[in-house]
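The following exercises are to be worked with the sequence and the structure at hand. Each task is followed by a solution in steps.

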Amino acid sequence: MAEVLVLVDHADGRLRKATAELLTIARRLGEPSAVHVGPGVEKAQVTLAKYGAHKVYVVDDADTAGYLVAPQAEILAALVEKLAPAAVLVPSNAAGKEIAARLSIKTGSGLITDAVDVRAGDNGIETTQSVFAGSYSVTSTVTAGTPIVAVKPNSAPIEASPAAGVIETVAVPMSDAAKAARVTDSRPKQATGRPELTEAAIVVSGGRGTGGDFGPVEAFADSLGAAVGASRAAVDAGWYPHSSQVGQTGKQVSPQLYVAVGISGAIQHRAGMQTSKTIVAVNKDEEAPIFELVDFGVVGDLFSVLPQATEDVKKRKG
Amino acid sequence: MNIVVCVKYVPDAQSDRSFRDSDRTVDRDGVDGLLSELDEYAVEEALKIVEAAGEGEVTVLTVGPAAAANAIKKALQMGADKGVHVEDEAIHGSDAAATSLVLAEAVRKATSGTPELVMTGMSSTDGVMGVVPAMLAERLGLPQVTYASELTVGEGTVTIRRDGDTASETIEASLPALVSVTDQINEPRYPSFKGIMAAKKKPVEQWALADLGIDSSQVGLRAAWTSVVSVTKRPPRAQGQIVADEGDGGSRLAEFLAGQKFI
Ligand SMILES: Cc1cc2nc3c(=O)[nH]c(=O)nc-3n(C[C@H](O)[C@H](O)[C@H](O)COP(=O)(O)OP(=O)(O)OC[C@H]3O[C@@H](n4cnc5c(N)ncnc54)[C@H](O)[C@@H]3O)c2cc1C
Ligand SMILES: Cc1cc2nc3c(=O)[nH]c(=O)nc-3n(C[C@H](O)[C@H](O)[C@H](O)COP(=O)(O)OP(=O)(O)OC[C@H]3O[C@@H](n4cnc5c(N)ncnc54)[C@H](O)[C@@H]3O)c2cc1C
């Protein structure tokens, strides 16, 4: 069976959920091999094998650290040339898409981004994209080179399927060009203890309607074990960090449940959450456009609705 | 410092965007178009750099149909010095890779082969792929520093701050380089009356593929490395249940969530 390369999304070997999803999807197309760039593969190997990686290609040298996306694109290009895989799957986040973009040009291969489904079709690999803020579904194929697909998080339920996960260390000489942009300083953000926004099964977001008090939003999120998001209005006001912004210029999330609180539902916000499975809104304006999308909506003041809901959720959970 | 800013002309996101039935490409005739809002931030940042340096020129470059001239016009009204419009029937239906090829050759020609700083938005508001900047950098052999929320141009270097998921990073590259900017970086100016009048006299070059030495077989729908098989309009989400809070709104919300097995 043809090999399918999966770029591992990790921080020092700590895997992001997207990696297990990509491996699960890769099994529909061929035999998955993981590509692990950077340190920590000894931590990652067990999980990579668990989700079906037959091989784990490892590139871990100083040249890959601190240089952004260009080295990873060079590594994948070298592997594509050597192995002629059936496809390359990367996570559809900012870095994944840029690596894919450079790989596409280096190898003369078509690139599809923001895929919400990937499957083996009659004419090779077929993808589904959800476009124009979720109003259209587009089915596409790649017609040149090695299909490169950037897959959105939460596009497949992860399933284990143990494989050998044999480590193969590869050496790829890095060009000077790949090292031309470097990270000179990095200030880690404080961990919130909540799930990561794009990976979470439930997201509760607050908007301008919170008036800057995210307390009720956070309490409700915590009762559900949810991640907390924000509209751009809330971010621009300085109430919540930009990395929590949901929407066109923030994160695109696709959780099982999205709760919009004090958010009107502007097109740019919808672009980031419209593919959520179930949508709920709390807004005091019954005319708010967000209500056009919801499965369940409460017209009311968030400062009374949310605390009551939080108490009830806690009671039900016992 | 001479800066080339790539700007895209896109269908207005507020209007009913759709695809042409004939070839499944974006319908750019049926709806109002405009300069992609996210590219305004790149234009603004370029203007600020040149204004601060007291020298240099901002060239705005677009690849698109006749109406894309409006995107250039808006950027010139904001204060850019000149425009380049690459328009050719053969480009219709190009994918991201082909678009980046045309942009790369146009940047080369506009800068006589020696670009100093190339700027783009973080993504378009129609395709929203966010890949053209990296593709363009790859083709031009430039380092890329993308998603800048702050930008400083120094002696032969460019430094940005990027607000990442787990860290706030400072990234540096030597010039020439390509920089993409986010909507956090500045507040784009509105064209002034003076700006609108001045724009009328600013030069706009019109180039076709032949001017760039690109063969028409390298671009367009037939040369695309990706192919759209089908496009389906999603049925609008069926409207759910909406209740007015009469003192029990929170409980009813919890009840709904329990019914859906979220609790
Ligand atoms: C280029 C560009 C990119 C953008 N990208 C994004 C993006 O990525 N993400 C994003 O979110 N936006 C984005 N925007 C902004 C977007 O257009 C809206 O301005 C923004 O989403 C509005 O945020 P909001 O819904 O919180 O605020 P508003 O639109 O002001 O809505 C606030 C809502 O809260 C309700 N409310 C007020 N008080 C209460 C209360 N006590 N209880 C319950 N409800 C209450 C109000 O009825 C209202 O509906 C972008 C805009 C542009 C131009
Ligand atoms: C809904 C949709 C989905 C698509 N999916 C794919 C796909 O999966 N694969 C694929 O190969 N193509 C795809 N395309 C086609 C692709 O969007 C276009 O080829 C487009 O020219 C480049 O991609 P983008 O608009 O997403 O640009 P982005 O990469 O999002 O653009 C980033 C920046 O590049 C610059 N830029 C982009 N285009 C131009 C231009 N024409 N002129 C000047 N500057 C520009 C701007 O500064 C812009 O801010 C899709 C198009 C649509 C509408």
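The exercises below treat the interface, the ligands, the strands and the backbone in turn.

This is a predicted model, in which local features need pLDDT of at least 70 and side-chain atom pairs count only at pLDDT 80 or more, while totals for chains, interfaces and linings use all residues. Residues are numbered from 1 along each chain as its sequence is written, chains are lettered from A and ligands numbered from 1 in the order in which they are written, and side-chain values use heavy atoms, with hydrogens and water left out.

**Exercise 1. The interface**

Solution. 

Step 1. Begin with the contacts, where contact means heavy atoms within 4.5 Å. On chain B, 79 residues are in contact with 84 residues of chain A.

Step 2. Turn to the buried area, which is the accessible area (1.4 Å probe) that two parts lose on being put together, summed over both. For chain B and chain A this comes to about 6900 Å², and 55% of it lies on carbon and sulfur atoms.

Step 3. Apply the salt-bridge rule: a side-chain nitrogen of Lys or Arg within 4 Å of a carboxyl oxygen of Asp or Glu. The rule finds five salt bridges across this interface. B:Asp183 and A:Arg232 form a salt bridge through their side chains, with 2.7 Å from N to O.

Step 4. Identify the part of chain B that contributes. Helix 6 (residues 249–259) of chain B supplies the largest share of the side that touches chain A, namely 10 residues. Helices (H or I, at least four residues) and strands (E, at least two) are DSSP runs, numbered from the N terminus.

Step 5. Sort that side by class. Ala, Val, Leu, Ile, Met, Phe, Trp, Tyr, Cys and Pro count as nonpolar, Asp, Glu, Lys and Arg as charged, and the others, Gly among them, as polar. The side of chain B that touches chain A then has 36 nonpolar, 25 polar and 18 charged residues.

**Exercise 2. The two ligands**

Solution. 

Step 1. Count a residue as near a molecule or strand if one of its heavy atoms lies within 4 Å of it. Around ligand 1 there are 27 residues, and A:Arg208, A:Ser231, A:Gln245, A:Ser264 and A:Asn283 come nearest. The site is shared between chains, because residues from chains A and B surround ligand 1.

Step 2. Examine the atoms of ligand 1. One of its oxygen atoms lies 2.5 Å from a polar side-chain atom of A:Ser231. The side chain of A:Ser264 has an N or O atom 2.6 Å from an oxygen atom of ligand 1. A polar backbone atom of A:Leu302 is 2.9 Å from a nitrogen atom of ligand 1.

Step 3. Examine the atoms of ligand 2. A polar side-chain atom of A:Gln129 is 3.0 Å from an oxygen atom of ligand 2. A backbone N or O atom of B:Gly130 is 2.8 Å from an oxygen atom of ligand 2.

**Exercise 3. Strand pairing**

Task: Determine the sense in which strand 7 (residues 111–121) of chain A pairs with strand 10 and strand 8 of chain A.

Solution. 

Step 1. Two strands pair if DSSP finds at least two bridges between them. Strand 7 and strand 10 (residues 148–151) of chain A have three bridges and are parallel. A:Ile112 has A:Val149 as its bridge partner in strand 10 of chain A.

Step 2. Strand 7 and strand 8 (residues 124–131) of chain A run antiparallel, joined by six bridges. In strand 8 of chain A, A:Thr128 is opposite A:Asp117. These two strands form a hairpin with two residues between them.

Step 3. Pairing also links the chains: strand 17 (residues 296–299) of chain A and strand 14 (residues 241–244) of chain B are parallel over four bridges.

**Exercise 4. The backbone**

Task: Locate a cis peptide bond and two residues with positive phi.

Solution. 

Step 1. Recall that most residues other than glycine have a negative phi, and most peptide bonds are trans.

Step 2. The bond from B:Leu175 to B:Pro176 is cis, with omega near 0 degrees. B:Pro176 lies in the loop between strand 10 (167–174) and strand 11 (177–181) of chain B.

Step 3. A:Asp12, which is not a glycine, has a positive phi of about 50 degrees. A:Leu68, also not a glycine, has a positive phi of about 60 degrees.

Key
Polar contact = N/O pair within 3.5 Å; in protein donor to acceptor, adjacent residues only side chain to side chain.
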